[in-house]
Amino acid sequence: MSSQYVPNARIRSLVFKTSGEASRHAALIVDRLVRENNSAGRPTVLGLATGSTPVGLYRELIRLHKEEGLDLSGVVTFNLDEYYPMPADDSHSYRRWMHETFFDHVNIKKHNIHIPDGTLQPEDVEDYCQRYETAIRKAGGIDIQILGIGRTGHIGFNEPGSQRNSRTRQVTLDPVTRRDAAGDFFGEENVPQQAITMGVGTIMEARKIVIMAFGEHKAPIVLRAVENPQTEAISASFLQSHPDATFLLDEAAAGELTVYRRPWEVTAVDWTPDRIRQAVVWLSLEVKKALLKLSDLDFRDHHLYDLLREHGPAEALGEQIFQDRLASIQNYPAGTEPRTVLVFSPHPDDDVISMGGTIIRLVEQGHKVHVAYMTSGNIAVFDHDARRFADFVESFNRLFGIDAKTTASVRDRVQSFLDSKSPGQPDTEEVLKIKGLIRETEARAAALACDIPPDQLEFMDLRFYRTGTIAKAPIHPEDINDIVKLFERLQPSQIYVAGELSDPHGTHRTCAEAIYEAVRRVRKKGQSFEVWLYRGAWEEWEPHQIEMAVPISPETVERKKLAIFRHQSQKDKAMFPGTRDKREFWQRAEERNRSTAAAYDSLGLPEFYAVEAFVRWRDL
Ligand code: F6R
């Protein structure tokens with residue numbers, strides 16, 4: 001596992017290529033200490049966290065236990081927190097989550113497990129919290145504390161304003177935290193207002209702290225916790241004064257750190273072509289001067305003397321990067337001869353949201369564009385839409401005298417299930433099918449808006465997605481086989497894949513990895529095609545990263561927006577629990593495409609109305 005230290009970090013920070021590698025590293029730290037203590041006949045006291053971040057760590061510890069003889073019978077655990085109030089067996093309780101995710105699969109003794117109790121009477125909470133502290137002390141204190149970090153900078157549920165010496169107590173959750181949890185609770189209004197959490201002071205007493213953060217959505221808070229001075233506004237920043245705290249990051253979560261954004265400010269830089277491009281584009285945007293107008297002084301004023309000395313003068317650097325960026329502009333993304341193009345869309349609307357303009361251009365330029373919708377996307381459909389469509393079909397069938405009895409009974413079953421459905425309860429198969437169908441028909445309508453006929457669409461419904469819940473299964477071997485078969489059948493010259501790094505529930509990442517694996521397999525058999533990555537529905541590639549910039553005219557942007565509108569069930573997605581940004585997809589897509597065009601414009605490149613951006617996939 002290769003990792004990199006962050007040079008200017010105030011908390012020791014290690015960056016791994018993937019969250020999987022970082023999780024394995026964390027598991028090895030625990031593994032080493034437990035084995036050492038086991039041989040010395042000592043218990044090991046672990047402080048544990050819940051949430052999406054430590055899942056990989058728990059999976060790896062389970063594997064080490066099952067396959068490599070890691071004995072956890074001497075381990076004592078204390079969990080950081082629990083919602084309050086929260087019944088112990090509620091599907092949202094951290095207690096239940098810990099058992100299902102970890103404890104049920106290893107040999108930690110039941111009486112050694114401690115998780116704050118969400119079922120207490122209000123008057124008992126304070127006393128209980130003190131006893132929790134005493135129990136930690138009696139166990140000898142925490143050897144290794146595992147932490148995640150919330151977007152508010154919380155550790156445990158120590159929200160902004162928590163004091164450095166706070167102890168285990170009842171707290172009120174920050175609105176941002178409740179919004180982040182809303183997806184799991186199917187609505188912000190269902191997320192408890194309060195929680196019981198270990199305090200910052202409690203956490204700081206652990207002998208060793210391993211804090212992890214994965215995904216692009218954590219990058220801004222990681223930057224503030226790791227590079228800015230300690231502050232009550234970000235509880236995690238207090239870890240700066242812990243003698244043995246380490247941040248384990250994946251590249252996406254580390255993405256905002258200075259060492260990635262402007263490495264030349266904090267470390268000696270090897271001036272590779274990519275790095276030169278990053279620096280010169282950054283400088284041009286920073287000083288708001290076109291590439292061809294940059295001066296030596298601009299470089300010197302911005303920590304770029306080395307670059308100037310090694311590759312200058314400014315005029316040469318500006319000219320080099322100007323030519324390079326100019327070459328990224330591509331009006332014919334698949335060339336001028338008709339070819340077969342395959343666009344993969346993880347959910348049924350990522351294609352048009354992310355690259356609708358390019359799709360429209362490809363079709364206009366005479367290419368045969370196929371779209372493969374990898375999952376049904378049924379989880380993202382509101383109940384009221386399922387109800388409406390069941391009603392529609394029943395009324396439709398009655399009107400036209402079609403099998404009215406069966407449809408009425410489906411509608412009734414759907415309605416009575418939805419009437420009694422509690423927040424977060426998984427849907428019935430029937431409801432899931434209706435929701436999937438809603439998205440499938442929307443995808444067909446959206447593709448038609450791009451002039452792609454229905455027989456060029458594939459609805460793959462990959463298995464890993466079919467859990468009926470937000471949590472997804474790992475990729476299934478048959479999923480990869482399905483993609484291989486698609487390549488063999490369509491023989492594309494070019495494929496497009498969502499290369500998103502931040503998709504919170506991992507669907508895009510899983511889809512991308514399945515495609516990469518399938519590409520490797522068909523390449524071995526001699527099939528070859530270009531693989532281009534669009535970023536995804538939330539973010540865009542940055543101006544220095546773009547390898548293919550496709551100019552999009554105002555008319556094409558309007559058509560793209562129409563195609564996005566056809567995904568009607570996603571129109572009120574902005575109100576969907578857990579949605580990070582309340583603007584609608586078409587608004588954000590238009591803003592992104594126009595801001596890429598604006599960046600190219602301010603670099604002194606041709607002025608376009610909008611631009612869709614792509615990078616090439618390189619197998620590492
Ligand atoms: C969980 C906890 C929280 C989480 C944090 C990050 O026990 O105390 O501080 O670690 O909210 O959550 P995820 O990992 O879901 O992003």
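**View 1. The whole chain.** What you see is a predicted model, in which local features need pLDDT of at least 70, side-chain atom pairs count only at pLDDT 80 or more, and totals for chains, interfaces and linings use all residues. Residues are numbered from 1 along each chain as its sequence is written, and side-chain values use heavy atoms, with hydrogens and water left out. The chain has 20 helices and 18 strands (DSSP runs numbered from the N terminus: H or I of at least four residues for helices, E of at least two for strands). Buried residues make up 54% of the 620 residues; buried means under 20% relative accessible area, exposed over 50%, and partly exposed in between, with a 1.4 Å probe and protein chains only.

**View 2. Helix H18 and its neighbours.** H18 (residues 507–524) has 18 residues and reaches 26 Å from its first C-alpha to its last, close to the 26 Å expected at 1.5 Å a residue (the expected span is 1.5 Å times one less than the number of residues). Look for its buried residues, among them Cys511, Ile515, Tyr516 and Val522. The buried residues of H18 pack against strand E12 (340–345), helix H13 (350–364), helix H17 (477–490), strand E15 (494–498) and strand E16 (530–534), where contact means heavy atoms within 4.5 Å. Just after H18, Gly526 takes a positive phi of about 95°.

**View 3. Helix H2.** The end C-alpha atoms of H2 (residues 55–67) are 18 Å apart, in agreement with the 18 Å that its 13 residues should span. Glu60 is one of its buried residues, which also include Leu57, Tyr58 and Leu61. Packing partners of the buried residues include helix H1 (19–40) and strand E3 (44–48).

**View 4. Two cis peptide bonds.** Most peptide bonds are trans. Here, a cis bond joins Gly312 and Pro313, with omega about 5°. Another cis bond joins Tyr84 and Pro85, with omega about -10°; Pro85 is in the loop between strand E5 (81–84) and H3.

**View 5. Positive phi in two loops.** His303, in the loop between helix H10 (296–301) and H11, has phi near 60°. His303 is partly exposed, with a relative accessible area of 40%. Asp403 lies between helix H14 (383–399) and helix H15 (404–420), with phi near 25°. Asp403 counts as partly exposed at 48% relative accessibility.
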